[in-house]
Amino acid sequence: MKFRTKAVHAGTKKDATFNAVTTPIYATSIFSFDEIGKNKGYDYTRSGNPTRAALEENIAALEGGVGCSVTATGMAAIHTALLFLKPGDHVIANTDVYGGTYRLFNEVLKPMGFKFSFVDMRNLDAVKSAVTPETKMIWVETPSNPFLHITDIAGVVAIAKNKKLLTVADNTFLSPYFQRPLELGVDIVVHSTTKYLNGHSDIVGGAIIYSTKELQERGNFLVNATGVSGSPFDAWLVLRGVKTLALRMEAHQNNAFKIAQFLEGHANVKKVFYPGLNSHPQQDLIKKQMTGFGGIVTFELDTAKVPLNAFFKKLKYFALAVSLGGVESLIEAPRFMSHASMGKEGLKNSGITEETVRISAGIEDAEDLIEDLEQALKG
Ligand code: PLP
């Protein structure tokens, strides 16, 4: 089965009761037993639910994994992946990981005894040098958030395999349509399904996709034991959204590309970050591991010429909002919004300033979006 066929069909089984073409929402917390020890595969929705199972099969197929656990949020998926480790273990991650990931690592897990090093993963030597005898995991988020720096996934996997470390990739930004880390040797992929997989900004959710049955077994255990599994309603919405993933990703990318080109030539924009631009310095790596550039564009606004809030206020089609990956275009200032939780030091290390602006290109007409940006950038 090819990608678009999987997106529509994987996990959806013929409904035995009424031949419903779409997967029903099993809105039940409990499933009865026929007799002691005999049920139809489900007993309690925290541990398993047919609607969620359909989505899990679908996402596992798209990422090329052996299985998947669908969680209540992306952060729940990220937290669960960290529970494969124990206090005292050391994790290496990018300097510019998603702000919520940074907060979880630094403010929740670090006080519990987990150890973290944040390095610029564009430099594999820096990754290698950060490995200590306690290192148990390398956390990859590529393209990074918000600067779209690219980490060489296969390069990180080679370092990790040599030292028997677990590798986890947050694949939220590109989705499996443009990048499949498991095919490059990564052990676990996580997603905020809130973003592209659902694509309509109407749920929060997460997913953990496993490369082996052993990891899947432990992951399912952790999700059930900690109680972070996703609801059947949300699973149904993501299942509906994911069917159009390929079409949406093409549209997001098309708009992002045009926006990036427009911004790059603008006098009131200092710098543009987008993997599709020739000015992105990692072209060879981009071609090697990604089949597309995605829908996120980051830029440095010349706020001496165009004050940040005035710029945001003038926009008609870009909602000033965190998150990304929905059909509508969004804009935000990472320093004050998505990455504010990193604190002063984290922000400084990641290079985020008061001039950094991130756009999540929606699927509207590019001409309208560019016209909108043009009038707002006049200052
Ligand atoms: N990973 C990335 C790359 C994100 O951008 C986000 C949210 O913005 C998350 C994880 C967290 O996901 P959620 O907000 O669904 O908990």
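Let's start with Pro-146. Its place is in the loop between E4 and H6. Helices here are DSSP runs of H or I with at least four residues, strands are E runs of at least two, and both are numbered from the N terminus. A cis peptide bond joins Asn-145 and Pro-146, with omega about 10°. Pro-143 lies in the loop between strand E4 (135-141) and helix H6 (153-163). The peptide bond from Thr-142 to Pro-143 is cis, and omega is near -5°.

A word on the source. This is a predicted model, where local features need pLDDT of at least 70 and side-chain atom pairs count only at pLDDT 80 or more, while totals for chains, interfaces and linings use all residues. Residues are numbered from 1 along each chain as its sequence is written, and side-chain values use heavy atoms, with hydrogens and water left out.

Next, Ser-175. This residue lies in helix H7 (residues 175-178). Ser-175 is not a glycine, yet its phi is positive, about 65°.

Look at the polar contacts, meaning pairs of N or O atoms within 3.5 Å. A polar backbone atom of Met-75 sits 2.8 Å from a ligand oxygen. For Ser-192, a polar side-chain atom lies 2.8 Å from an oxygen atom of the ligand. Thr-194 has a side-chain N or O atom 2.6 Å from a ligand oxygen. The protein covers 91% of the 390 Å² of accessible area that the ligand has on its own. That area comes from the Shrake-Rupley method with a 1.4 Å probe.

On to charges. Side chains of opposite charge can pair when their charged atoms come close. How many salt bridges are there? The count is eleven, taking a side-chain nitrogen of Lys or Arg within 4 Å of a carboxyl oxygen of Asp or Glu. One of them joins Lys-13 and Glu-57, at 2.7 Å from N to O. Lys-13 lies in the loop between helix H1 (3-9) and helix H2 (50-63), and Glu-57 in helix H2, so the pair ties together parts 44 residues apart in sequence.

Last, the surface. Asp-365, Glu-367, Asp-368, Glu-371 and Glu-374 gather in a patch of negative charge. Patch residues have over 30% relative accessible area and no salt bridge, with like charges joined within 9 Å. Asp-365 lies in the loop between strand E12 (356-360) and helix H14 (366-376).

Note on methods: Patch = residues over 30% accessible without salt bridge, like charges linked within 9 Å, V, L, I, M, F, W, Y side chains within 5 Å. Lys, Arg positive; Asp, Glu negative; His and termini not counted. Charge placed at Lys NZ, Arg CZ, Asp CG, Glu CD. Polar contact = N/O pair within 3.5 Å; in protein donor to acceptor, adjacent residues only side chain to side chain.
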